[in-house]
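Here are my notes for your first look at this protein. Keep the structure open and find each residue as you read.

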Amino acid sequence: MDKTDKPCCSFCGAEKSPTVPLIAGNDGRICEACVKLAHQVVSSWGQRRKNQQLAPQLRTPVEYKKHLDESVIGQEAAKETLSVAVYNHYLRLLNCDREPVCQLGEQVELEKSNILMAGPSGTGKTLLVRTLARILGVPFAMADATTLTQAGYVGDDVDSIITRLLDAAGGDVQQAQWGIVYIDEVDKLAKRSGGGTAVRDISGEGVQQALLKMVEGTEVRISKSGRRNEHSEEQVVDTRNILFIAGGAFPGLEALVSSRIQPKNTGIGFHAQPRREAPSINELMASLLPDDLHEFGLIPEFIGRFPIITFLQELDHATLLRILTEPRNALVKQYKQLFAYQGVELVITDAALNYIADQALIRKTGARGLRAVLEAALQQTMFNMPSQPQLRGCTLDLVEHEDGGRSLEVLTRLAEDGSGRIQPDPSPVVEEKSALSADL
């Protein structure tokens, strides 16, 4: 370049002027507009690298369901819904930079579809979401809706959800923007009836309104120091690509569905309709509509942010029996491993397993009731076991009593001596009886 020529940008050719300053290098110059463009290009490279890291982990919905089957028993409809929704969500993210064109030649921008799960307590809502996040290898954060309040009040504000997701991603904003957020106990955010007083609902409807923008997609500013002040450095997290899944037990929702599909009979005498058998809770939840959630107390704007609504069925005796033994982390396997750490073999008979499932149904706490029953039955044994080094085996069995009652009892097997005879237990109790008993 001749000395008489004005300096210009080596990329776009813009001449240097008071309004267009140039940054000079060894063999060229660059203007401010080209610097911004270069920054966008380099940022897209980082996003493309993230896509390449996630691409090998994206599997088909059938494969996702197979992995869910290893951890969750039953709930076929919910597992299929989650598998398809997660696959479509990350398929959209992996192809967002390809500018997909439909057959009509129009550019189509795909929007995300958040998920709302309804079902009784202990049916596997949290386990389903946590298993999916582990399969995908993306950051996962779980928030309890009962602790959330509107900004400015005592409690956690909605921005704390993104803070947890960012912590799960190790502070990597790009990775956090591909994560999954599960909001548990969302039914506790239902709008409360005001009655005769005008009290601000800061933990119910107010939290629903605060979550609207975040769930739909917005930029959330998170302070790196964890405290908000004017001098703290902030990180900006875009929630447009974060998949939000909300779950709750929604007690009483089945009554709202029943009143909609089975209106009250107002006929009298011969005009009265014959009484029909009441549908089960699973049949009622299969007819769930967004209007029922609105009647329950969720605002329409919040329901609209979760276009995919699925329900989890109430667990029956057969399903609880399978949960005890079939999953990868089944409860029976867990307790057997716990006993094996101390050199003791644990055996649970089929009669005891059926009794445990029956007791869990009575407690009405789903799969969580299985652990409670097992813990109560084995508590005394686990208390004495560390003090009995000669103990080699325990059998949990169902015992019939003369009065007609039944209870779970643990029979212990001690180490054998040289003659092969069973060595008596020096402790005063050879057959340890658990405190759990119930007359059926």
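**Notes on the model**

1. Start at Gly204. Setting aside residues within four places in sequence, Gly204 is in contact with Leu189 and Ala190. This glycine sits in the loop between E5 and H7. Its relative accessible area is 0%, so Gly204 is buried. Gly204 and Lys191 are 13 residues apart in sequence, but 5.6 Å apart in space, C-alpha to C-alpha.

2. Keep in mind that this is a predicted model. It has 15 helices and 13 strands. The protein has 440 residues, and buried residues make up 39% of them. Now take contacts between residues at least 6 apart in sequence. Of these, 65% join residues at least 24 apart.

3. Stay in the loop between E5 and helix H7 (205–216), where Asp187 also lies. Is Asp187 buried or exposed? Its relative accessible area is 5%, and the cut-off for buried is under 20%, so Asp187 is buried. What does Asp187 touch, leaving aside neighbours within four places in sequence? Its contacts are Gly248, Ala249, Phe250, Pro251 and Phe296.

4. Next, look at a helix pair. The axes of helix H2 (residues 61–71) and helix H4 (residues 125–136) come within 10 Å. They cross at roughly 130 degrees. That angle makes H2 oblique to H4. The crossing is right-handed. From H2, the contact uses Tyr64, His67, Leu68 and Ser71. From H4, it uses Leu127, Leu128, Thr131, Leu132, Arg134, Ile135 and Leu136. Sorted by class, the contact of H2 with H4 has seven nonpolar, three polar and one charged residues.

5. How many aromatic pairs does a search of the whole structure find? It finds three. In one of them, Tyr90 and Trp178 have ring centres 6.3 Å apart. Their planes are at 25 degrees, and planes under 30 degrees apart count as stacked, so this pair is stacked. Tyr90 lies in helix H3 (residues 76–94). Trp178 lies in the loop between helix H6 (173–176) and strand E5 (180–184). The pair therefore ties together parts that are 88 residues apart in sequence. Tyr90 counts as buried, at 1% relative accessibility. Trp178 is buried too, with a relative accessible area of 5%.

6. Phe302 and Phe306 form another aromatic pair. Their ring centres are 5.1 Å apart. Their planes are at 50 degrees, so the pair is tilted. Phe302 is buried, with a relative accessible area of 1%. Phe306 is buried, also with a relative accessible area of 1%.

7. Check some backbone angles next. Most residues other than glycine have a negative phi. Gln75 has a positive phi, near 55 degrees. It lies in the loop between H2 and H3. Lys364 has a positive phi as well, near 60 degrees. Its place is the loop between helix H14 (350–363) and helix H15 (368–384). Which of these residues is buried, and which is exposed? Gln75 counts as buried, at 7% relative accessibility. Lys364 counts as exposed, at 69%.

8. Now find helix H5 (residues 159–168). Within H5, Ser160, Ile161, Ile162, Leu165 and Leu166 are buried. An α-helix has 3.6 residues a turn, so residues three or four places apart point the same way. Compare that with the numbers of the buried residues when you view the helix. After H5 comes Gly170, whose phi is positive, near 70 degrees.

9. Finish at Glu345, in strand E10 (residues 345–348). With a relative accessible area of 46%, Glu345 is partly exposed. Which residues does Glu345 touch, not counting those up to four places away in sequence? They are Arg392, Gly393, Cys394 and Arg413. Glu345 and Leu391 are 46 residues apart in sequence and 9.1 Å apart in space, C-alpha to C-alpha.

Methods: Residues numbered from 1 in each chain as written. Predicted model: local features only at pLDDT ≥ 70, side-chain atom pairs only at ≥ 80, totals over all residues. Heavy atoms only, no water. Axes fitted to C-alpha atoms, helices over the stretch in contact; angles between N-to-C directions. Helix = DSSP H or I, 4+ residues; strand = E, 2+ residues; numbered from the N terminus. Parallel < 35°, antiparallel > 145°, perpendicular 65-115°, else oblique. Left-handed = near helix turned anticlockwise from the far one by under 90°. Contact = heavy atoms within 4.5 Å. Nonpolar A, V, L, I, M, F, W, Y, C, P; charged D, E, K, R; others polar. Phe/Tyr/Trp six-rings, centres within 6.5 Å; stacked < 30°, edge-to-face > 60°. Buried < 20%, exposed > 50% of the residue type's maximum accessible area, 1.4 Å probe, protein only.
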